[in-house]
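Reader: Hey, I've got a structure open and I'm a bit lost. Could you walk me through it?

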Amino acid sequence: MEHYHMNLTLKVWRQKNSREQGKLETYQLKGISSEMSFLEMFDVLNEQLIVDGKEPIAFDHDCREGICGMCSMYINGQAHGPWQQNTTCQLHMRAFKDGDTITVEPWRSKAFPVLKDLVVNRSAFDRIIQAGGFISVNTGNAVDANAIAIDKKDADDAFMAAACIGCGACVATCKNGSAMLFVGAKVSQLALLPQGGPERESRVLNMVAQMDKEGFGNCTNTYACEAECPKGISVSNIARLNSEYLKAGLSTESK
Amino acid sequence: MALDSKIPHGEMDKKWTDYKGHVKLVNPANKRKLEVIVVGTGLAGASAAASLGEMGYKVKAFCFQDSPRRAHSIAAQGGINAAKNYQNDGDSVFRLFYDTVKGGDYRSREANVHRLAEVSTSIIDQCVAQGVPFAREYGGLLSNRSFGGTQVQRTFYAAGQTGQQLLLGAYSALERQVALGNVKMYTRHEMLDVVKIDDKARGIIAKDLISGELESHFGHAVLLCSGGYGNVFYLSTNAMGSNVTAAWKAHKRGAFFGNPCFTQIHPTCIPVSGDHQSKLTLMSESLRNDGRIWVPLKKEDSRNPKDIPENERDYYLERRYPAFGNLVPRDVASRAAKERCDEGYGVGTTKMAVYLDYKDAIVRFGKIEAGKSGNDNVSHEEIVALGKKVVEEKYGNLFKMYEKITGENPYETPMRIYPAVHYTMGGLWVDYELQTTVKGLYALGEANFSDHGANRLGASALMQGLADGYFVIPYTLGNYLADEIHTNSISTDHPAFAEAQKAVSDRLNTLINIKGKQTVESFHKRLGKIIWDKCGMARSEKGLNQAIEEVRALKKEFWSDVRIPGEINSFNLELDKAGRVADLIELGELMCLDALDRNESCGGHFREESQTEDGEAKRDDENYAYVAAWENKGDSNWELHKEELSFDIVKPTQRSYK
């Protein structure tokens with residue numbers, strides 16, 4: 001892979017706190033290596049800002065290996081930037097070329113208010129999990145792990161759904177600000193496993209109710225969420241969510 | 001102060017059962033009145049907070065991230081060990097215990113390790129019940145794989161995302177307790193001090209990272225589950241936010257720090273590419289199951305690896321350690337890579353890398369797949385294509401990650417890897433009950449020192465975090481809290497809270513008012529370089545003495561020239577980072593002191609003065625079979641206490657993986 005250096009223009013959303021209005025500010029960066037990660041490019045910019053006596057740009061990040069789900073930048077109109085199935089922290093500067101202008105915004109959604117600059121509040125996701133994203137099994141209650149055999153395909157599908165990192169890119173990219181992919185992934189994981197059976201109906205009803213309460217929008221099947229999901233979570237999980245929700249609704253009505 | 005490890009009497013395999021049978025209990029009505037603070041929500045913290053909430057305690061849990069699900073346990077890739085013996089390959093609690101004590105190079109406490117091996121099986125049961133989607137075989141039962149340092153298949157896994165799935169299991173249990181009102185969760189909060197009243201831990205000072213405001217929180221007991229301190233090296237596989245602050249504040253308040261120099265350098269990480277590097281990425285150790293590690297036989301060979309014929313390659317692990325080959329423990333594999341690179345056989349632009357090659361594995365898997373079809377006339381290309389598919393199924397996400405970072409396709413070109421800091425075996429000294437030297441203050445998971453000795457085996461960190469949280473602390477904490485049922489909640493107006501809060505506030509004010517010229521990041525980088533060069537994979541008396549001087553000078557410079565922009569009562573990430581780096585600097589000094597004291601080589605701690613003729617680590621059981629527990633006596637001042645280790649079951653021998 002050829003290495004190169006580039007000069008860039010960055011337009012970054014700056015917002016002091018959740019109460020004040022924000023705006024895009026422009027920064028010039030010189031000599032950025034194509035081997036840097038996107039967040040390392042932000043490190044360089046922040047170091048420059050501090051040396052210049054300015055306040056650095058606040059952004060969320062932690063593991064920098066694509067699994068914690070904390071990083072969350074809207075880059076040139078795409079959640080997590082141009083690469084497919086990729087988080088912001090895994091995006092590398094070889095995705096850009098000398099002279100590029102890059103616009104970076106926070107996740108934009110009613111349910112994810114901006115806290116500062118590029119940092120948003122995603123606690124709504126935690127509250128959705130609190131509403132039912134679990135199996136009620138106290139520590140010590142479990143039977144032997146091999147007591148229940150699980151069809152490998154179901155187990156694999158459950159794993160694929162469970163791979164969601166809770167970053168919120170699906171919400172940020174959806175024109176309706178819908179959290180259906182996030183909720184569908186968790187509902188699917190637990191619906192596919194026999195352990196999730198007893199709470200299957202209450203889970204989906206409660207999680208959807210909480211999702212609505214948090215102000216997330218509805219799904220209109222544009223599939224943008226799947227396209228931007230860094231873990232490639234399939235929209236078939238939304239289909240399963242809808243079917244689980246319908247079945248649960250009918251079943252509880254008849255009870 | 002004499003250290004009392006409180007190891008129960010009796011036979012090794014009965015200690016934990018006997019302990020549980022006689023431990024004090026707290027009745028349900030009293031549990032409701034007892035408050036417990038849990039700092040950190042990784043595997044240890046989330047599992048502890050959830051379990052204690054289920055039992056009826058009033059729990060407050062804290063994490064600095066925006067959600068408990070982000071804790072760095074999430075990044076663990078390879079797997080979790082358990083002595084289930086589902087593979088019928090001779091595994092048992094005893095073997096897991098034995099392997100862990102041996103793997104830790106005889107510097108861990110036998111009784112703790114035995115308990116860990118005992119509860120390992122319940123962890124898998126619990127996780128499966130929570131809906132953790134472990135890998136399964138076609139029959140629907142759980143799949144296992146082998147891991148470095150062992151000869152049985154006892155590792156349970158969920159592709160290369162085992163830590164993520166286990167943490168999400170513990171996180172969901174935690175959120176369930178939040179919904180039930182048993183746990184109150186404080187996200188984007190950082191613990192900045194422990195509050196002691198009458199020599200007992202009674203709460204913490206925490207900072208709301210959004211508003212910048214300080215808060216006092218009371219607890220009848222405080223559990224630190226705040227992870228390790230690998231970021232003292234600046235470059236490590238830890239998350240950017242991972243830090244030692246909670247443990248360090250506890251240390252400053254009287255908790256002894258155990259074996260700080262025991263740090264683990266993981267052999268298979270993606271090498272450093274330049275000065276801009278902010279962190280290193282691990283490639284799971286499971287890759288060593290099927291990949292082969294080599295360097296060219298010729299020095300400074302810069303040919304494309306594909307053009308280097310078989311007979312000009314040095315599979316140095318297979319050569320040096322025929323019995324374990326590429327599966328030697330981490331410390332051995334790391335040092336062997338360093339040795340080859342130091343001798344001039346390294347590869348890649350920096351020459352600080354070795355190859356991890358899947359060429360042979362792809363052909364091997366391909367032949368097996370071709371054999372299944374019963375067709376004998378399968379071309380080499382078809383075999384390779386079939387083999388790649390198998391490799392993708394087993395390691396696809398890791399290969400993808402490698403390609404994203406390096407831009408190279410590891411199915412075609414061997415991966416370049418180099419050791420990097422990954423885990424810290426040292427941590428707060430705890431007794432058998434996981435209590436530190438401060439009453440009512442506990443340390444769980446990577447934050448304590450107890451189970452891995454001088455080297456941790458692969459897939460054992462997840463096991464220990466969950467063992468401590470799900471199956472140890474629920475018993476041992478009750479033994480302490482049973483005597484606290486008459487202690488009413490103490491108001492945070494108590495002078496001890498006010499004093500601690502003022503001290504924290506003063507420190508933050510001092511930091512932000514230094515208004516120097518250098519950034520926090522630049523100090524952190526310099527600290528990392530000192531520690532990596534002189535207290536990294538090889539350590540010597542001369543280097544360590546130099547490092548101590550350099551760290552002290554760096555500390556002085558930091559406190560007179562650091563620049564922190566922004567305001568104190570606001571969302572100020574630089575101020576948060578400055579506090580963490582200040583603590584890491586102090587810890588760095590202690591690490592070097594500890595490494596200097598321990599003039600032997602054991603596990604991940606390699607003293608150049610103590611090696612065999614062929615360059616293997618040489619332990620000194622006569623003089624160093626102890627846990628070094630350091631007591632802080634003020635600025636740059638520590639007193640060493642020793643907990644002598646006895647090995648009643650696993651008799652120390654020089655480790656050999658040949």
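Predicted model: local features only at pLDDT ≥ 70, side-chain atom pairs only at ≥ 80, totals over all residues.

Reader: What about contacts within chain A, what share comes from residues 24 or more positions apart?

Author: That share is 71%, taken over the contacts in chain A with a separation of 6 or more.

Reader: I clicked on Gln15(A). Where is that?

Author: Gln15(A) is in the loop between β1 (5–14) and β2 (23–33) of chain A.

Reader: Why does Gln15(A) count as partly exposed?

Author: Gln15(A) has 18 other C-beta atoms within 10 Å. Buried would take 20 or more and exposed 12 or fewer, so a residue in between is called partly exposed.

Reader: Which residues does Gln15(A) touch, if we skip those up to four places away in sequence?

Author: Gln15(A) touches Glu20(A), Gly22(A), Val114(A), Lys116(A) and Asp117(A). As for Lys97(A), Gln15(A) is 82 residues from it in sequence, and their C-alpha atoms are 28 Å apart in space.

Reader: OK, switching to how the chains meet. How many residues of chain A are in contact with chain B?

Author: On the chain A side it's 68 residues, in contact with 63 residues of chain B. Helix α1 of chain A gives the most to its side, with 7 residues. Elements supplying at least two residues each include α1 (38–51), α2 (123–132) and β6 (114–116) of chain A.

Reader: What kinds of residues are on that chain A side?

Author: By class, the side of chain A that touches chain B has 31 nonpolar, 20 polar and 17 charged residues.

Reader: Now chain B. Which domains does the assignment give there?

Author: Chain B gets domain 1 (267–421) and domain 2 (499–625). The C-alpha centres of these two domains of chain B lie 33 Å apart. Their contact takes 6 residues from domain 1 of chain B and 5 residues from domain 2 of chain B.

Reader: Which element gives the largest share on the domain 1 side?

Author: Helix α10 (residues 330–342) of chain B, with 5 residues. By class, that side of domain 1 of chain B has 1 nonpolar, 1 polar and 4 charged residues.

Reader: Then there's strand β2 of chain B. Why is it largely enclosed by the rest of the structure?

Author: Because 5 of the 5 residues of β2 (58–62) of chain B are buried. Lys58(B), Lys60(B) and Phe62(B) point one way from that strand, while Val59(B) and Ala61(B) point the other way.

Reader: Which strands pair with β2(B)?

Author: Strand β1 (residues 35–39) of chain B runs parallel to β2(B), joined by 5 bridges. Within that pair, Val39(B) is the bridge partner of Phe62(B). The chain gets from β1(B) to β2(B) through helix α3 (residues 43–55) of chain B, in a right-handed β-α-β crossover. Strand β5 (residues 183–186) of chain B also pairs with β2(B) in the parallel sense, over 4 bridges. There, Ala61(B) has Met185(B) as its bridge partner.

Reader: Last one: how many residues are in the largest nonpolar core?

Author: It has 285 residues, and those with the most contacts inside it are Leu223(B), Leu224(B), Val354(B), Leu428(B) and Tyr442(B). Helix α17 (residues 573–597) of chain B provides the largest share of this core, 13 residues. Take Leu428(B): among the residues it touches are Leu224(B), Ala247(B) and Phe449(B).

Technical notes. Residues numbered from 1 in each chain as written. Chains lettered and ligands numbered in written order. Domains from an automatic or database assignment. Contact = placed C-beta atoms within 7 Å. Nonpolar A, V, L, I, M, F, W, Y, C, P; charged D, E, K, R; others polar. Core = buried A, V, L, I, M, F, W, Y, C linked by C-beta atoms within 7 Å. Pairing = 2+ DSSP bridges. Right-handed = clockwise from strand over helix to strand, strands pointing away.
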